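Subject: Structure handover

Hello,

Here is the structure you will be working with. Please open it beside this email and follow along.

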Amino acid sequence: MTATPETADQGQPELPAKYDPAAIEVPTYQRWRAAGYFKADEQRVLSGERRPFSIVLPPPNVTGNLHVGHALDHTLMDVLARWHRMSGDEVLWLPGMDHAGIATQTLVEKQLASVGSSREALGRDLFVQRVWDWKAESGGAILGQMARLGDSVDWDRERFTLDDGLSAAVQTIFKQLYDEGLIYRAERIINWSPVGRTALSDIEVDHVEVDGELVSLRYGPDDDPDGSASIVVATTRVETMLGDTAVAVHPDDERWAHLIGRTVLLPIVGREIPVVADEHVDPAFGTGAVKVTPAHDPNDFEIGRRHDLPMIDIFAVDASVEGTGTRFDGMDRFEARREVKEELRRQGRVVDERVHRHAVGHSSRTDEPIEPRLSTQWFVKVAPLAAAASEAVRRGDTAIHPPEMAARYFDWVDNMHDWTISRQLWWGHRIPVWYGPDGQVRCVGPGEEPPGEGWEQDPDVLDTWFSSGLWPFSTMGWPQQTDTLRAFYPTSVLVTGYDILFFWVVRMMMFGLYAFRDTADGASSPGDRTGAVPFRTVVLHGLVRDQYGKKMSKSRGNVVDPLAWIEEYGADAVRFTLARGANPGTDQAIAEDWVKGSRNFATKLFNAVRFAMGNGAVVREGALDTDDLAPADRWITDRLRATVAATTRLLEDFQFAKAAEGLYHFIWDELCDWYLELAKVPLQTAAAHPDDTTAQQAAATTRAVLGGVLDTVLRLLHPFMPFVTETLWRPLVGPDGGESLMIAAWPQDADRPADPAAQAWVDDVIRLVTEIRRARADQRVPASRSVPSGEWTRPDGLSSAAWAVLEAAARTLTRLGPADAGYRTSLTVTVPLSGGTATVGLDTSGVIDVEAEIARARKDLGAAEQELAEAERKLGNQNFMQRAKPEAVQKIRDRHTQALADVDRLTARLAELGALTGPAAGSGGQSA
RNA sequence: GGGCGUGUAGCUCAGCGGGAGAGCACCCGGUUUACACCCGGGCGGUCGCAGGUUCGAACCCUGUCGCGCCCA
């Protein structure tokens, strides 16, 4: 890494004049990386200096690019990583990729095909070398994209599932499982991908609803006038009849009882096949008779086993018909489906055809219909592993967040089938099993010499998920007992989407619990972490959808590219948008406007800091905790403390959306809209009166509070928007304030009660200012115009000193000037405040719009009357008065009092405006 | 068919027993020395539907309809 201009320059960075995310983000990331802030140090954990916090990054695919789902995943992980780092934990977040067997091999094979070559032409060793070359040249684009997003991962620890260390872990666990009989080789019906020419596991198959054709066929003699020797079966896959070896009916089905134990003629093939009775046939479906193709259907396979039927494989590896001895040999399965049906039709054996909607398994890799096929493969016997994985969550060793989602986990893990782990590929971990000349089988462990002359290694490789499942600990050096494992295993958290809970979580859980089965009490681990689970907490987020809540898909054309948005609006904006939408376990919609809004928020914050610094804001120890603060200062520091507490609590509970939302509202609605505006009062006063020491003192306090609040809020926001906060923070705190916000301390949750008087003061300001602004707006007075305002009437309950401060603030915020020579009140505004009603007179220098005034007063009166009626209704309800909680009753009493006062005030105001011509006018006025 | 989630303002979503909220969109006004990526003001909802519990239901219960994800 070369030093950026900024790292070379030891001087204090200046605040840029404008917010330009593209200009700051990449250099800032490079500076962090060069400074080593992303690195984890296991010694600091083992020495007890720091608590560990480690995140399992589900390894992305080496062929992949960062899509919006990753962007969400990574944003949440990085929020956790940065927050914990600031909180003083030693954070390990390890980057890397999986080798994506099918995807990568397919990609390189396509490249070879384009130059007229093939993997077969190259041979295995050269082909594998070719894939490594591809990886070196163009693999792993996603790593640079992770950096662009801001992931604070420890790059020195980057891992790849095919690395030597991880491969040793694969071989180790394979050998252990094999020796214990948990890995076995068998002939079973598996999911076959004719395009990939390999077996797939259940999770690589998606079931898609399609309109198929349900065809009913008559099996039996060519000539059977009364049908007594025939049987009718229905199928959606006519071509498989070439491999039928029986017809099955329910034993109690009287319609077919006469044929049980006899045979019927299988058309075309000319084979006599038995009619067997099997409990599992549903007599209500179709004719109640089913054709049995044991080599090409899982249910038929079971029937075949129960009745000892022959299993005839009729397909080649590409699912073309093979070995049936019919003219259909060589045809593709779909062509054969049409041709076989035509042939049967010619023979008069098609009894019925109808459209039939059903679910067909498709390869999640290549999207073609998968072919259930009898095949010899390697399997993991999952029952004992899955039971342990289930038990660990039930026991609470691993918590699933949000907890409702645990049901999903159990549903899956408690009903898992054995896992097909062999793949007919070359790119991957080759199965470490050798076959001897006399049929011997030997599994070779790591470091063991393979057997010599005459032995051959199994040609297949392992499912990529087999190695990904080891990721939480293979990346830490397992099976060696490393310091990394001692310090950071079990890991703290795994973040992923609920839709792929099974992909990572279940496999990692099974393997983690198995690999650490002897250290289940965690005696070797520091801290209070027990158990062998790979992670303490699983955080599940929802899917990212388009702006209308539709799932993103290539066919729909609504897929968004997070990198394009990062380039235009900044990584901070993309991150904040995604975090702000991440409510636990629910999906979120996203659109460019949302990202733009987040960019606007970053700009807002940027400008706030620029304003503060331009007015001499300083960061000073303890500035927020003195008692010598003005009401506005006390209010904002109280609000800040509440925000610190809420943000921390929400992050602890993985409530990313609420944490982000809370910061957004604190910064925009409280800090910028009110405190910054209120701060202008002492700042401008001091500027106008340089010799007034009281004014100077007040301004100094304001500058310190401004600096302190911004310092804290930048810390709170840093995990979400790391770049802009860092860019603002360093100039704000100055050369002695710290070298990076990344390693600054997370704000402490100070236990200081809020000051209700300060809150009441600000509430009064807001009410006063809002009412004056409403009046000005209704009167079409431009907000920029200074309006003369005479003496204000002080509420009875406020001291003249308190009132003076309040009035000064309200005048500044509403641009009201002093009464000039020809002053004449043309507009009166009355505002209920905490200490009574205030009255403000304005000279709008012209005729006032009485209709607008009447309309506003009527609207307010309508609301007040409605409030009054509601309160009166409740207070008159005996049941409510007797049974409701006293606080609830008191609240209604207070509202009643306020509503009464409001009605009086507004009625008087309307009378003054000449709008009250009769008793009905007030209540009817709201609809005007 | 099963599991889980979810139906609240035009759109996307918070709120989950006591005064219906936010962001965006929309309408009106603004060259306010932090910010037009902005400021001020405003319009907008029988909280899917039907029952029930409760003094009180968007919120709890039951039923029903719709949608989503996963599994079969």
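Below are notes on how to read the model, followed by what was found in it.

Residues are numbered from 1 along each chain as its sequence is written, while chains are lettered from A and ligands numbered from 1 in the order in which they are written. The model is predicted: local features need pLDDT of at least 70, side-chain atom pairs count only at pLDDT 80 or more, and totals for chains, interfaces and linings use all residues.

Domains

The domain assignment divides chain A into domain 1 (5-99 + 126-171 + 465-563), domain 2 (198-372), domain 3 (592-734) and domain 4 (759-927). Such bounds come from an automatic or database domain assignment. Taken over C-alpha atoms, the centres of domain 2 and domain 3 are separated by 72 Å.

Some terms come first. Helices (H or I, at least four residues) and strands (E, at least two) are DSSP runs, numbered from the N terminus. Two strands pair if DSSP finds at least two bridges between them. A residue is buried if 20 or more other C-beta atoms lie within 10 Å of its own, exposed if 12 or fewer, and partly exposed in between, with C-beta atoms placed from the backbone.

Strand E1 covers residues 52-56, and five of its five residues are buried. In a regular strand the side chains alternate between the two faces of the sheet. In E1, Pro52, Ser54 and Val56 lie on one side, Phe53 and Ile55 on the other, and both faces are covered. E1 runs parallel to strand E2 (residues 90-93), joined by four bridges. Between E1 and E2 the chain passes through helix H4 (residues 68-86), making a right-handed β-α-β crossover. Right-handed means that, with the strands pointing away from the viewer, the path from the first strand over the helix to the second runs clockwise. E1 is also parallel to strand E22 (residues 491-497), with two bridges. Ile55 stands opposite Trp93 in E2 and opposite Val493 in E22.

Strand E9

Which residues of strand E9 lie on each side? Ala246 and Ala248 are on one side, Val247 and Val249 on the other, and all are buried. E9 (residues 246-249) is joined to strand E12 (residues 289-292) by four bridges in the antiparallel sense, and Val249 has Ala289 as its bridge partner there. Three bridges join E9 to strand E11 (residues 271-277), and these two run parallel. In E11, Val276 stands opposite Ala248.

Two open sheets

Four strands make an open antiparallel sheet in the order E6-E5-E14-E16. Its edge strands, E6 (198-200) and E16, each pair on one side only. Strand E14 (residues 371-380) meets E16 over two bridges, and Val380 stands opposite Trp419.

Another open antiparallel sheet has three strands in the order E19-E18-E20. Here the edge strands are E19 (441-443) and E20 (456-457). Strand E18 (residues 433-435) pairs with E20 over two bridges, and Trp434 has Gln457 as its bridge partner.

Two single residues

Is Asp414 buried or exposed? Asp414 is exposed because 11 other C-beta atoms lie within 10 Å. Asp414 sits in the loop between H13 and strand E16 (419-420). Leu717, in helix H23 (residues 693-717), is buried because 27 other C-beta atoms lie within 10 Å. The C-alpha atoms of Leu717 and Ala660 are separated by 7.9 Å, although the two residues are 57 residues apart along the chain.

The surface near RNA strand B

A residue is near a molecule or strand if its C-beta atom, placed from the backbone, lies within 6 Å of it. How many residues surround RNA strand B? There are 53, and the closest are Glu404, Ala589, Asn600, Phe611 and Asn879. Helix H20 gives the most to this surface, with ten residues. Among the other elements that each supply at least two are strand E7 (205-219) and helix H29 (886-912). By class, the surface has 16 nonpolar, 15 polar and 22 charged residues. Ala, Val, Leu, Ile, Met, Phe, Trp, Tyr, Cys and Pro count as nonpolar, Asp, Glu, Lys and Arg as charged, and the others, Gly among them, as polar.

Regards
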